[in-house]
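Hi,

Here is the model I promised you. Have a look, and my notes on how the chains meet follow below.

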Protein chains: 4
Amino acid sequence: MLIAPDASPETVLARGRAVLHQQGFSRFMGTELTAFGPGHAELQLPLRAEHQQQHGFAHGGVLGYLADLALTFAGGSALDGNVLTSELKINYVRPAVGERLIARAQCVHAGKTQAVTRCEVYAVSGGIEKLCAAAQGTIVRVPDSKVVPKD
Amino acid sequence: MLIAPDASPETVLARGRAVLHQQGFSRFMGTELTAFGPGHAELQLPLRAEHQQQHGFAHGGVLGYLADLALTFAGGSALDGNVLTSELKINYVRPAVGERLIARAQCVHAGKTQAVTRCEVYAVSGGIEKLCAAAQGTIVRVPDSKVVPKD
Amino acid sequence: MLIAPDASPETVLARGRAVLHQQGFSRFMGTELTAFGPGHAELQLPLRAEHQQQHGFAHGGVLGYLADLALTFAGGSALDGNVLTSELKINYVRPAVGERLIARAQCVHAGKTQAVTRCEVYAVSGGIEKLCAAAQGTIVRVPDSKVVPKD
Amino acid sequence: MLIAPDASPETVLARGRAVLHQQGFSRFMGTELTAFGPGHAELQLPLRAEHQQQHGFAHGGVLGYLADLALTFAGGSALDGNVLTSELKINYVRPAVGERLIARAQCVHAGKTQAVTRCEVYAVSGGIEKLCAAAQGTIVRVPDSKVVPKD
């Protein structure tokens, strides 16, 4: 997720979208990267029946996935190189119903090898955003050699 | 997720599977409930290309979803009534590659209205289980009226 | 930590300080409540040698305590009645050195019985604030009967 | 917190106690290291009035401190070198009353540079242990140069 210091905002967003598109799971989910820049990221997920739990809400795991991804992108934009999520915590504050989810993440602190990021997940229903979850996590930079699957 | 005190283990497992089957997202993911009883739960997820991130590992959001679900089932089996996940934290300790994921959750403490549960997520490759994530969360009992979607 | 809706800011702050003063541990630590209102709180801790770990930094447990307290006060100001901290997570981002710690907490979401709050802890050295930790937690309202110690 | 591979259990425990004794805050609190070995640690804290919050329970910050310390010692015994706590989360499950607290921590996973550890905190009253908190955190190895306070 290298971001050249002199890259234009459009180039940075396009680069982020390319990474997102490489994720089979994110294509499967239908996730969109709608903003991406130094220390922040916004992702959106149009909700479908396949995203629900038994009561018709978006599944907690869907919110957790979107939060995880937003935390990682916000951290990745602040660190130089490949990144992985080390850990995160999420609080669910309201059942998520509506047309789409929006996750917005910000970098709280970035060092050389790790960043702490925060994220809020909103459900949008009839154009109204309601906060559904808040997350905080640690994003770490990893050597390129670490991102090749091995035993 | 009511479990009658005198239900047989087979009945309890069948009841848990019925709840899981009601979740559109869990059907979409292909999740299986392989063990379920008072204060514990085991879930398995056969891995497909759709579950991967850009490096060929299972996506962190997939592990997070499975951990969330296992925490909730373990808590739900210990609390009397409908439950929701209030919050959770997850540490990723190793990239997940293999044929399937297994999440095993245990109840650490259960009161009248909430339970604290823990979970480990393993990737199984060639029959060998390797720990990939460890989670801890809070499961809360909710009134039936709260599980009907509303604005 | 009942806050009458029509209480003046001075009254609210005085009430918060009275609660803080009832805590033997907070007197022992030397903690000061410097701001307190609907959904927010600021606490300060003048650092002494007794607060250090083996490398001369403020002990992580000291930062954790101050974060916990700030999260609780911010949640308590938003909920009606006695409150307890249900859980929290904290990320340490920089060793804490200086004359004092400042913890600022804000309420992210408050329902009828619980609030999710966030906090940042800064070390102040030579008048310069540096972020040392970021926390997020859940504060729950408890019946008066629950706050009397019992077996 | 270097532990020579061939050190006797007594030597390892003595080394851990020496580190604990270097912590001004732990001396201030009165903490004792009662067990310490590869991947595990047990700490005890005799409770005094100075450890209480306003309802006579041990302050949450005291439990958090003890959990933090136990997580760090368990991680430090598994990693080679100086360690710091990167982050932790703690769930409070019961008010803590009694003569002492006991925190027992275990290493869940240790790599070369970081370990994930878990801890349970018990209050002991009349010889009976009751679980009061459960924690999980990340301990990271740091270069010696990082543990000298600097700006």
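Two strands count as paired if DSSP finds at least two bridges between them; strands (E, at least two residues) and helices (H or I, at least four) are DSSP runs, numbered from the N terminus. Some housekeeping: this is a predicted model, where local features need pLDDT of at least 70 and side-chain atom pairs count only at pLDDT 80 or more, while totals for chains, interfaces and linings use all residues. Residues are numbered from 1 along each chain as its sequence is written, chains are lettered from A and ligands numbered from 1 in the order written, and side-chain values use heavy atoms, with hydrogens and water left out.

Now the strands: strand 3 of chain A (residues 82–92) runs antiparallel to strand 3 of chain B, and five bridges join them. Glu87(A) has Asn91(B) as its bridge partner there. Glu87(A) also makes a salt bridge to Lys89(B), with the closest N and O atoms 3.0 Å apart (a salt bridge is a Lys or Arg side-chain nitrogen within 4 Å of an Asp or Glu carboxyl oxygen). The count between the two chains is two salt bridges.

As for the interface as a whole, 43 residues of chain B are in contact (heavy atoms within 4.5 Å) with 43 residues of chain A. Together the chains bury about 3,400 Å², 59% of it on carbon and sulfur atoms; that is accessible area (1.4 Å probe) lost on putting the two parts together, summed over both. Phe25(B), Phe28(B) and Gln54(B) supply 18% of what chain B buries against chain A, more than any other three residues.

Cheers
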